[in-house]
Amino acid sequence: MTDNLPEKDTAAEREKWKEKGVAMRAFFYIFGTHVFAGFIWLLFYLGQHAQK
């Protein structure tokens with residue numbers, strides 16, 4: 001005998017999963033953009049204070 005329980009795969013659960021994915025993607029995009037902007041700012045700062 002196998003215990004095959006019907007899995008809950010309702011539309012509401014799929015939507016919650018998609019919402020979490022969108023929120024996580026938005027967080028990483030925003031975080032990544034800030035890291036990139038900080039790196040560019042650092043390059044300008046170091047270039048401005050470089051001994052010429």
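Here are a few exercises, with worked solutions, on the predicted model shown above.

**Exercise 1. The overall picture**

Find how many helices and strands the protein has, and what share of its residues is buried.

*Solution.* Let's begin with secondary structure: the protein has 1 helix and 0 strands. The helix, α1, covers residues 11-48. Next comes burial: of the 52 residues in the protein, 0% are buried.

**Exercise 2. Rings around F27**

Work out how the rings of F27 and F31 are arranged, and where the two residues sit in the helix.

*Solution.* Start with the count: the structure holds 3 aromatic pairs. In one of them, the ring centres of F27 and F31 are 6.1 Å apart and the planes meet at 15°, so this pair is stacked. Planes count as stacked when they are under 30 degrees apart. Now turn to the helix: F27 and F31 are about one helical turn from each other because they are 4 residues apart in helix α1. As for accessibility, F27 has a relative value of 52%, so this residue counts as exposed; the cut-off for exposed is over 50%.

**Exercise 3. W41 and Y45**

Decide whether the rings of W41 and Y45 are stacked or edge-to-face, then classify each residue as exposed or partly exposed.

*Solution.* A pair of aromatic rings is described by the distance of the centres and the angle of the planes. For W41 and Y45, the centres are 5.4 Å apart and the planes lie at 20°, so the rings are stacked. Both residues belong to helix α1, with a spacing of 4 residues, or about one turn of the helix. On to accessibility: W41 reaches 56% and therefore counts as exposed. Y45, with a relative accessible area of 39%, is partly exposed.

Methods. Residues are numbered from 1 along each chain as its sequence is written. This is a predicted model: local features need pLDDT of at least 70, side-chain atom pairs count only at pLDDT 80 or more; totals for chains, interfaces and linings use all residues. Side-chain values use heavy atoms; hydrogens and water are left out. Buried means under 20% relative accessible area, exposed over 50%, partly exposed in between (1.4 Å probe, protein chains only). Rings of Phe, Tyr and Trp (its six-membered ring) pair if their centres lie within 6.5 Å; planes under 30 degrees apart count as stacked, over 60 as edge-to-face and the rest as tilted.
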